[in-house]
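The sequence and structure come first, and the notes on contacts follow.

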Amino acid sequence: MTTTTSMTPPSSPPDTTVKKPGRMRRPKSARAGGQMHAGPIAYVILALFTIGSLFPLVWTAIAASRDNNRLAQTPPPFWFGGNLLDNLDIAWNDANLGEAFFNTTIVAGTSAATVVFLSTIAGFAFAKLKFRGRGAMMLIVIGTMMVPPQLSVIPLYMMVAKLEWTDQLQAVILPSLVSAFGVFFMRQYLIQALPDEIIEAARVDGASSWRVVWHVVFPAARPAMAVLGMLMFVQTWNDFLWPFLVLSQTGNPTVQVAVAGLGRGYTPDQSLIMAGALLGTLPLLLVFAIFGKQIVGGIMQGAVKG
Amino acid sequence: MATHDTAAPPAKEGGAAPGRPPAGPTGAERRRARLSRRWQRDMRWSPYAFVSPFFLLFLAFGLFPLIYTGWASLHQVEMTAPTDMHWVGLRNYTRIFDDDFFWNAAKNTLTIGIISTVPQLLMAMGLAHILNYKLRASTFYRVAMLAPYATSIAAASLVFVLLFGRDYGMINWALDFVGIGPIDWQSDKWPSQIAVSTIVIWRWTGYNALIYLAAMQAIPQDLYESAALDGASRWKQFIHVTLPSLRPTILFTVVVSTIGATQVFGEPLLFDANKGASGGSEHQFQTLGLYLYEQGWVNQHLGRASAIAWTMFLILIVVGIVNYVISRRLRASS
Amino acid sequence: MRARTRTSRRVVVLATVATMGTGLLAGCADDGGDKASDGSSSGGGKGKTTITMGLFGTMGFKEAGLYAEYEKLNPNIKIAENVIERNENYYPALVNHLTTNSGLQDVQAVEVANIAEVVATQGAKLQDLSKVSGVEKGNWLDWKWSQATTKDSKTVGLGTDVGPMALCYRTDLFQQAGLPTDPAEVGKLWAGDWNKFISVGEQYKKKAPKGTFFMDSPGGLLNAVLSSEKEKFYDSSGEVIYKSNPAVKAAFDLTAKAAEQGLVQAQTQFQPAWDTTIANSKFATVACPPWMLGTLKGKSKPESLGKWAVAVAPKSGNWGGSFLAVPSSGKNVKEAEKLVAWLTAPEQQAKLFKVQGSFPSTPSAYTMPEVTGAKNEMTGDLNIGTIFAEAAKAAPVQVIGPKDQIIQQGLTDNGVILVTKGKSPEEAWKTATKTIDNNLDK
């Protein structure tokens with residue numbers, strides 16, 4: 001079972017990996033549910049949904065491959081023009097995206113990893129441990145999920161200004177660590193994925209709570225941790241309003257801040273804006289394409305099954 | 001960290017340790033007593049240790065903004081001078097009762113919430129069902145459906161605005177082939193709400209489908225087999241085996257999507273970015289999240305916006321409680 | 001099972017290491033950032049001072065090569081800019097930064113729509129630029145200077161460009177509709193009165209080329225009429241008078257009438273749909289500051305080049321323009337002031353006009369060759385510089401107020417646009433005023 005790494009032939013096309021050699025990981029997925037082969041109608045529906053999912057992304061690239069003039073004309077372009085590389089090049093240099101990608105990776109990586117860790121231990125406590133005030137505290141967590149985020153921005157900014165954190169990455173990282181959703185998510189997962197008996201058994205062996213977390217909870221929570229990590233990473237990566245307020249293009253921009261100036265001018269250049277949007281999304285899409293199998297597998301295992 | 005934990009205690013209580021081996025049974029008992037005392041302390045306090053990081057962060061970065069907006073909601077205060085407050089009591093709340101724009105936004109939030117959540121979850125369910133068959137290239141479909149999720153709201157909205165163009169957008173162009181006249185996706189009420197919901201649906205359907213799929217694969221096969229033995233059709237199996245087994249998952253997705261739906265704001269904001277945050281000429285797709293943003297950011301009325309935020313919060317809590325009570329009743333009756 | 005726990009443990013350890021590692025990296029990156037900016041502000045390192053500019057989309061100093069020129073003149077200076085494409089995103093952040101005195105750039109741009117509010121509420125946090133050496137009040141158009149001056153005569157922003165408004169029209173469409181095409185003659189058709197402009201529209205409609213409209217949008221028309229008024233939404237004492245000011249109602253009714261008669265397209269300016277109507281030559285006129293020619297060019301098909309002309313508007317007005325301000329809490333206040341004075345001097349404004357189409361706010365630039373000899377691809381051989389210069393001088397000294405933008409947006413997007421979609425003018429006025437009153441109410 002050290003196969004986690006060895007079963008990752010990353011760039012090979014999905015078709016070949018799917019055929020046979022797979023399924024070693026979870027015999028469950030072969031057993032469960034779909035024994036029947038899908039009929040043609042199922043394929044048609046799938047094809048439609050796949051096109052629906054991918055078309056807007058492809059069209060972003062098409063738009064980024066044209067120029068402003070062409071985008072304003074009719075009918076809209078259906079195929080790639082010759083400007084894609086030029087536009088990407090301008091966007092990359094103009095927005096200084098190299099630095100921005102570096103910053104965003106740090107921000108999204110740190111906050112995802114930390115949220116996962118904190119949410120797992122807190123989720124475990126809420127799911128499996130008994131303590132005074134548990135119900136009330138869980139209500140606070142769920143209540144926090146319901147606070148509309150747009151408004152906290154102003155008082156939060158006053159704080160960050162007091163701390164003199166503007167233009168520094170911790171101004172983005174630290175507030176993003178308060179993830180009530182993460183705690184809720186891990187709690188829901190651990191309730192069903194972690195049998196009480198295993199914890200009891202560890203306790204009987206005299207394990208301290210930390211040891212239980214380390215040797216029992218983390219292994220059991222791993223799939224959900226991976227999913228939560230991905231969710232948080234994507235969310236932090238794409239966040240705009242807050243980073244835009246505390247960072248600047250001359251002060252540690254994230255990708256979304258960096259591309260906010262693209263296409264400027266009295267005639268906003270739509271194709272450049274699209275190129276920026278594409279570049280901002282591309283790293284995530286690449287990760288999805290390369291590790292798609294693992295990510296999907298992770299979501300499948302880590303999904304809250306109730 | 002784990003090794004630290006186990007290594008630390010003996011060192012700490014090292015004073016007693018050397019005398020231990022020859023001490024015989026009484027020493028062992030004492031040790032056990034000490035261990036159990038420690039064990040009890042551990043049992044008692046560790047839960048708090050586990051939840052405290054979250055709550056500390058919450059205190060630092062969540063509570064202050066909440067209290068500030070709560071306090072601001074009782075004042076007349078502008079963004080141009082956020083510390084310059086004039087006490088107005090509950091006026092910012094009472095005025096909400098006569099605020100047509102608020103109630104319009106509340107209605108839109110509800111309808112957009114329904115239009116975006118219901119089809120999204122139904123389609124996700126159907127997709128999951130199909131993906132649960134044996135398929136060629138199944139990973140490809142799964143990854144493709146997850147791709148929209150990686151797209152930021154801003155990028156997605158940008159593209160959909162162009163696709164939903166009235167005169168030359170691709171969607172109207174396609175509808176024209178089936179004989180449907182050009183639809184004004186931005187200024188007509190229902191089309192605009194559908195368009196905004198489409199962005200939400202596009203981004204989230206694949207993700208929810210995978211969650212359902214995961215849950216479906218966890219259903220024991222023998223349940224289906226025995227249902228088949230009883231002569232249940234595929235549809236009946238779906239209704240009587242699949243759906244009941246999925247109930248907790250469905251509940252989770254419904255809760256998360258509902259909370260998400262009440263806070264929708266980026267999509268309607270960017271769907272008509274040139275009209276500011278009014279959500280269309282007649283506010284036809286202005287959601288509560290967007291109205292709050294308009295009052296706070298565009299009109300700069302922090303006090304009013306805070307009151308709207310708190311009212312939203314309170315409404316959500318009421319909805320949550322009602323939801324809880326109903327689902328409890330349902331569970332009790334079934 | 002055992003193997004499995006081991007792998008998972010490794011994963012967790014890796015994750016933890018990654019957390020701490022990235023945390024450390026974050027720390028490093030921050031330090032790096034600090035050092036860089038410290039070095040620049042204290043003049044250490046290579047001895048260069050970096051001045052940061054906070055701008056929104058339409059300024060174009062860099063594109064016009066002005067930074068490079070200034071850096072050449074002042075070898076110890078480096079200029080870095082921070083640009084946000086849309087002012088709607090830029091301005092709330094600026095206000096937030098000003099109120100907390102943090103996150104500010106050395107120089108901050110302010111759009112004319114926001115200058116009144118900045119002057120009224122943030123004046124204390126900005127430098128008085130009238131005292132900077134080389135800055136002379138007389139260089140600027142009077143109204144431009146006074147817009148950025150507080151009640152206690154502190155000038156917190158120096159004018160960059162203005163948007164003197166003329167009317168751009170399609171000569172080919174005018175010809176087909178049987179209207180004159182020469183700018184002087186066209187100008188005479190509607191000289192002095194917006195009602196005459198509507199009459200020309202009615203004439204146009206009778207013989208209009210199929211599928212075309214007289215004007216681009218109701219918002220464009222309303223804006224053009226309002227910007228030629230001395231008072232619109234506020235009176236000189238600062239009271240909101242938009243509902244009682246007969247000029248505003250008249251402008252609204254005139255636009256509504258044009259909308260009812262189908263003279264204007266059912267479009268909102270600068271939306272993608274509006275863009276396509278430029279590409280497809282769907283309208284014959286548009287209210288037109290110099291920068292609008294750039295917009296037209298950016299959205300047109302090549303065959304439309306040279307088919308436009310510029311005529312004097314019925315009444316002159318101003319549309320757009322910006323200011324540069326220097327926050328007092330900045331790290332390089334003195335250097336920033338010097339840079340702003342240089343960037344807004346007539347010579348630089350003239351260069352900016354040549355490259356960007358941003359019209360100078362300093363009349364002495366109007367006699368410079370960059371302006372007098374200005375031509376534009378969209379308008380062929382027509383000498384546009386002098387037309388715009390006339391409009392700039394003839395524009396009224398308009399009373400502006402802090403919430404002008406909100407009021408105008410309400411009248412346009414929640415008002416006249418509704419008439420093009422079948423609502424009656426009365427209903428549209430009601431919707432607009434209700435929206436505006438709600439938005440203004442603190």
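## Chain B and chain A

A salt bridge here is a side-chain nitrogen of Lys or Arg within 4 Å of a carboxyl oxygen of Asp or Glu. The model is predicted, and in it the side chains of Arg203(A) and Asp42(B) meet in such a bridge, at 3.8 Å from N to O. The rule finds one salt bridge across the interface of chain B and chain A. It also finds 10 residue pairs in polar contact there, with both residues at pLDDT 80 or more. On the chain B side, helix 2 (residues 24-72) of chain B provides the largest share, 20 residues. Sorted by class, the chain B side holds 71 nonpolar, 15 polar and six charged residues.

The size of an interface is often given as the accessible area lost when the parts come together. Chain B and chain A bury about 9,400 Å² between them, and 79% of this lies on carbon and sulfur atoms. Of the area that chain B buries against chain A, 9% is supplied by Phe50(B), Phe54(B) and Phe61(B), more than by any other three residues. The contact involves 92 residues of chain B and 106 residues of chain A.

## Confidence in chain A

Chain A has a mean pLDDT of 80, and 87% of its residues reach 70 or more.

Where pLDDT is low, the predicted coordinates should not be read in detail.

## Chain C and chain B

Between chain C and chain B about 3,000 Å² is buried, 45% of it on carbon and sulfur atoms. In chain C, the residues that lose the most area to chain B are Gln271(C), Asn438(C) and Lys442(C), which together account for 20% of what that side buries. The contact takes in 37 residues from chain C and 38 residues from chain B.

Five salt bridges are counted between chain C and chain B. One of them joins Asp441(C) to Arg95(B), with the closest N and O atoms 2.7 Å apart. Several elements give two or more residues to the chain C side, including helix 11 (272-279), helix 17 (404-420) and helix 18 (425-440) of chain C. Helix 3 of chain C gives the most, with seven residues. The chain C side divides into 11 nonpolar, 15 polar and 11 charged residues.

## Two domains within chain C

Chain C is divided into domain 1 (49-163 + 321-367) and domain 2 (164-318 + 390-440). Their contact takes 14 residues from domain 1 of chain C and 17 residues from domain 2 of chain C. The C-alpha centres of the two domains lie 29 Å apart. The domains bury about 1,400 Å² between them, with 63% of it on carbon and sulfur atoms. Glu117(C), Trp143(C) and Gly163(C) supply 41% of the area that domain 1 buries against domain 2, more than any other three residues.

Across this interface the rule finds one salt bridge. Glu117(C) and Lys403(C) form a salt bridge through their side chains, at 2.8 Å from N to O. Helix 4 of chain C gives the most to the side of domain 1 that touches domain 2, with five residues. That side of domain 1 has nine nonpolar, four polar and one charged residue.

Notes
Residues numbered from 1 in each chain as written. Chains lettered and ligands numbered in written order. Heavy atoms only, no water. Domains from an automatic or database assignment. Contact = heavy atoms within 4.5 Å. Buried area = accessible area lost by both parts, 1.4 Å probe. Helix = DSSP H or I, 4+ residues; strand = E, 2+ residues; numbered from the N terminus. Nonpolar A, V, L, I, M, F, W, Y, C, P; charged D, E, K, R; others polar. pLDDT = per-residue confidence, 0-100. Polar contact = N/O pair within 3.5 Å; in protein donor to acceptor, adjacent residues only side chain to side chain.
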